[in-house]
Number of protein chains: 2
Amino acid sequence: MERVEKALEAALMEAGGANCPPLLASALRYAVFPGGHRIRPQIVLAVAMACGDPNPHHTDAAASAIEFMHCASLVHDDLPAFDDAPIRRGKPTIHVEYGEPLAVLTGDALIVLAYETIAKAFASDPRQLAAMISIVSRAVGAPGGIIAGQAWESESTISLVDYQRAKTGALFAGATLAGAAAAGRDPEPWRALGDYIGEAYQVADDLRDLLCDAEELGKPAHQDERRARPNAAAQLGIGGAKARLTELADAAAASIPECPGAEQLRVVIRAQTRQLFPSQLEQYAA
Amino acid sequence: MERVEKALEAALMEAGGANCPPLLASALRYAVFPGGHRIRPQIVLAVAMACGDPNPHHTDAAASAIEFMHCASLVHDDLPAFDDAPIRRGKPTIHVEYGEPLAVLTGDALIVLAYETIAKAFASDPRQLAAMISIVSRAVGAPGGIIAGQAWESESTISLVDYQRAKTGALFAGATLAGAAAAGRDPEPWRALGDYIGEAYQVADDLRDLLCDAEELGKPAHQDERRARPNAAAQLGIGGAKARLTELADAAAASIPECPGAEQLRVVIRAQTRQLFPSQLEQYAA
């Protein structure tokens, strides 16, 4: 956890440094620190470490880039034109604290910073750089990344699977692929792990939206119903969603490709997936 | 000119392809075509060609990336939270045509696409990739790129030089640097040319804002005064601004580093700078 924070801190230093408009510099920090669970960069690290983590510098950059992309998406998704969310991670959202212009620009600058961080880390060994940029871009951009996922909300017809795969799954798949690529491994075999974790995360998020109150979430609750958005827990029922979550945790653990630290990674993935379970779920049968 | 359009078309193809939410795919095209003067990608091409253009594939990607970044900045700058502009390039702005959520997402996706386009073109020859990404990132992100330039507008004190260097100059410098790097040249000696063209463009833009009407501009006029933004033409007077424009064109032409096509590039730069002159300027003495 400390490793992720240090990597983010180092990457943010220059962007917010001398000559940066002071409010933008401040907003960039506000968007990144303190973080949430940092689950995506933790996945990058966990996968790279399972593969021996031969290039920790690459791994740190990949983890930071994935987290910057995630933070950028939160900042933009919270804007009045989208969720109009007043709080995030237990504090006022960026557009509430800094105004809407700086919220748009902070998201933009974080996307740029993600790429800049990767390019800097890979400058002395560029063979993997194009692959890493492609992984991150596919996870984030059109046609199937998190930006496209968000854009599905503007369509009149929308499939739950396509929507959630792009909006949530793509960046989790990006995290496992980036972790493997940072360790010099062929990334593609790691996609299934990211897909399963992404779907588990989405089901858990839907459950929490249904079951938790705003104080527990650090953000508004019951948003899916209010916005008539597809919600897996509402579709499957709470018991069905809980069963699906267990299934996905098993599938994720089983999908881990052969690598030196496969066994330990299985333990980490199971523990992380359990952490996703809302505590209120204990009272519901699977 | 045709070369720029073809390169943009090819780069946009995949992003807006199968599985892309249809409105996002449509908005991406709408943001890029038909273009304005394409002055930034033309500069990338002109510089690369002056250097012999040994890697046209790299040059096309660099030119497309710079133009995608420019289009992204226009889409976001036109948002209600910024300029609230109803028209751009003579047609309704993206948020008017597609709604604000898709306008934010289109800008985001264009930033990602810029990097993806570069990574794809340089994948088979990655030595220059890190340098190219760094050039583009510095031109666009914090602390000194066009995003930072826009962010200066949220500060209570603002220097005309810092503001315009970041908001306009940075992407012009990025264009000359990218053109040189795409041709395998050391990019740094090309910075002065980009700086001069950027400043000339800004002075001309300030003059047009002062002198033209909305129909000629394809966007609202007299915005600087309305927004109390620094305007070089207002500060120097129209005659002073015209003299400054001539000075900058001379300085730009004189700054061109030694290269096979230096003489021809000087002619192009002078012609382009003349094109920047608003036609109303003829009646004012320099």
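## A histidine at the chain boundary

Leaving out residues up to four places away in sequence, His76(A) touches Phe82(A), Ala103(A), Val104(A), Gly107(A) and Asp108(A), along with His76(B), Val104(B) and Asp108(B) from the other chain. This is a predicted model, so everything here is read from computed coordinates. His76(A) belongs to helix α4 of chain A, which covers residues 56–77. With a relative accessible area of 2%, His76(A) is buried.

## The interface between the chains

Let's zoom out to the whole contact between the chains. On the chain B side, 46 residues are in contact with 46 residues of chain A. How big is the area buried between chain B and chain A? It comes to about 3900 Å², and carbon and sulfur atoms give 77% of that.

## Aromatic pairs

How many aromatic pairs does a search of the whole structure find? Over all chains there are five. One of them is Tyr30(A) with Tyr98(A): the ring centres are 5.4 Å apart and the planes sit at 75°, so this is an edge-to-face pair. Tyr30(A) is in helix α2 (residues 22–32) of chain A and Tyr98(A) is in helix α5 (residues 94–98) of chain A, so the pair ties together parts that lie 68 residues apart in sequence. Both tyrosines, Tyr30(A) and Tyr98(A), are buried.

Another aromatic pair is Tyr115(A) with Tyr115(B), which is stacked, at 4.0 Å centre to centre and 15° between the planes. Tyr115(A) comes from helix α6 (residues 100–121) of chain A and Tyr115(B) from helix α6 (residues 100–122) of chain B, so this pair joins two chains. Tyr115(A) counts as buried at 0% relative accessibility, and Tyr115(B) is buried with a relative accessible area of 0%.

## Charges over rings

Back to Tyr30(A): the charged end of Lys91(A) sits over its ring, 3.7 Å from the centre. Tyr30(A) therefore takes part in an edge-to-face pair with Tyr98(A) and also has a lysine over its ring.

Arg40(B) lies over the face of Tyr201(B), 5.0 Å from the ring centre.

## Salt bridges within the chains

Side chains of opposite charge can pair when their charged atoms come close. The count over all chains comes to 34 salt bridges. Take Glu9(A) and Arg29(A), whose closest N and O atoms are 2.8 Å apart. Glu9(A) is partly exposed at a relative accessible area of 28%, and Arg29(A) is partly exposed at 38%. Glu188(A) and Arg191(A) also meet in a salt bridge, at 2.7 Å from N to O. Here Glu188(A) is partly exposed at 41% relative accessible area, and so is Arg191(A), at 24%.

In chain B, the side chains of Lys120(B) and Glu14(B) form a salt bridge at 3.2 Å, N to O. Lys120(B) lies in helix α6 of chain B and Glu14(B) in helix α1 of chain B, a link between distant parts of the chain that are 106 residues apart. Are these two ends exposed or partly exposed? Lys120(B) counts as partly exposed at 48% relative accessibility, whereas Glu14(B) is exposed, with a relative accessible area of 52%. There is also a network of salt bridges in chain A, linking Glu5(A), Arg38(A), Glu67(A) and Arg89(A).

## A buried valine in chain B

Last stop: Val203(B), placed in helix α10 (residues 191–211) of chain B. At 2% relative accessibility, Val203(B) counts as buried. Beyond its neighbours within four places in sequence, Val203(B) is in contact with Ala232(B), Ala241(B), Arg244(B), Leu245(B) and Leu248(B). Val203(B) and Leu236(B) are 33 residues apart in sequence, with 9.7 Å between their C-alpha atoms.

Technical notes
Residues numbered from 1 in each chain as written. Chains lettered and ligands numbered in written order. Predicted model: local features only at pLDDT ≥ 70, side-chain atom pairs only at ≥ 80, totals over all residues. Heavy atoms only, no water. Phe/Tyr/Trp six-rings, centres within 6.5 Å; stacked < 30°, edge-to-face > 60°. Helix = DSSP H or I, 4+ residues; strand = E, 2+ residues; numbered from the N terminus. Buried < 20%, exposed > 50% of the residue type's maximum accessible area, 1.4 Å probe, protein only. Lys NZ or Arg CZ within 6 Å of the ring centre and 35° of its normal. Contact = heavy atoms within 4.5 Å. Buried area = accessible area lost by both parts, 1.4 Å probe. Salt bridge = Lys/Arg side-chain N within 4 Å of Asp/Glu carboxyl O.
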